[in-house]
Amino acid sequence: MPDDRLIVALDVRNVLEGQSIAKRLGDAVSFYKIGLGLLGGGGMALAMELKLEHGKRVFLDMKLFDIGATIEAAVRGLAQYDAFDYLTVHGDPHVVKAAKEGSAGKSLKILGVTFLTSLDRSDLDQGLIKPGDLRELAVERAAIAFDAGADGVIASPMEARPIRNLPEAEGKIIATPGVRPAGATANDQKRVATPAMAMEAGADHIVVGRPICAAENPIAAAREILDEISV
């Protein structure tokens, strides 16, 4: 049984590249993330193909943000296909509540985004986010998302442990992007950790994209990560 704690982010240009990587990974990987970057290249069709034809789990990373009525309608439309396991929305309470209303009666899990792993305190300052330590603010934002009904949150590995320790986090999902194998380049990520560090910190899933998709041998890269988290 493949270890679904590893979610492979298909950070590629189009559906053909995504199909190629998924084919090369075969049975070694059971969970994939489809993000905004792939939507214009057939990402939605690929997501449904992976789920309905190949039995994979699918994480639709949309990071939705809008007024409540629009969020509810958007999520209801996505949930109707029963083709997605996780969907991301911004962790703001009104967004999470509306998303949960839209997914009512379906198995789709709503994950609230805390802060992107590509951001640091200077980025928050430019965005007029209130003063304070970024990690502490991420934990606070996770608690708010949980209280609003989120099934889980997206946070960097740096925040996974304090989020896991929250009373509100019992039974909730923590998925951590910003995961890089030892020696891999961080690219545009600023708050990163190794796969083992992320799992030890309390993550349920690690999300890894370019270190696998851009590797000369994707399946070897994936298996190396799977071996690391299985220790």
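Visitor: Which helices and strands do the buried residues of helix 4 pack against?

Guide: This is a predicted model. In helix 4, the buried residues are Ile 71, Val 75, Leu 78 and Ala 79. They pack against helix 3 (43–52), strand 3 (57–64), strand 4 (86–90), helix 5 (93–102) and strand 5 (109–113).

Visitor: Within what arc do the buried residues of helix 4 fall, seen down its axis?

Guide: An α-helix has 3.6 residues a turn, so residues three or four places apart point the same way. The buried residues here are Ile 71, Val 75, Leu 78 and Ala 79. They line one face of helix 4, because seen down the axis they fall within an arc of 95°.

Visitor: How far does helix 4 reach from its first C-alpha to its last?

Guide: Helix 4 covers residues 68–79 and has 12 residues. At 1.5 Å a residue, 16 Å is expected, and the model comes close to that with 16 Å.

Visitor: Which residue of strand 8 is the bridge partner of Ala 175?

Guide: Strand 7 and strand 8 (residues 205–208) pair in the parallel sense over 2 bridges. The partner of Ala 175 in strand 8 is His 205.

Visitor: Which residues touch the most other members of the largest nonpolar core?

Guide: That core has 60 residues. Leaving aside neighbours within four places in sequence, Leu 6 is in contact with residues including Val 29, Phe 31, Ile 206 and Leu 226. A second, separate core has 11 residues, among them Tyr 86 and Ala 175. In the largest core, the residues that touch the most other members are Leu 6 and Leu 10.

Visitor: What arc do the buried residues of helix 8 cover around the axis?

Guide: In helix 8 (residues 157–164), the buried residues are Pro 157, Glu 159, Ala 160 and Ile 163. They lie on the same side of helix 8, because they cover an arc of only 145°.

Visitor: What covers the buried residues of helix 8?

Guide: The buried residues include Glu 159 and Ile 163. Their cover includes helix 7 (134–147), strand 6 (152–154), strand 7 (173–176) and helix 9 (195–200).

Methods
Residues are numbered from 1 along each chain as its sequence is written. This is a predicted model: local features need pLDDT of at least 70, side-chain atom pairs count only at pLDDT 80 or more; totals for chains, interfaces and linings use all residues. Side-chain values use heavy atoms; hydrogens and water are left out. Buried means under 20% relative accessible area, exposed over 50%, partly exposed in between (1.4 Å probe, protein chains only). Helices (H or I, at least four residues) and strands (E, at least two) are DSSP runs, numbered from the N terminus. The arc is that of the directions from the helix axis to the C-beta atoms. Contact means heavy atoms within 4.5 Å. The expected span of a helix is 1.5 Å times one less than its number of residues. A nonpolar core is a set of buried Ala, Val, Leu, Ile, Met, Phe, Trp, Tyr and Cys residues joined through side-chain atoms within 4.5 Å. Two strands pair if DSSP finds at least two bridges between them.
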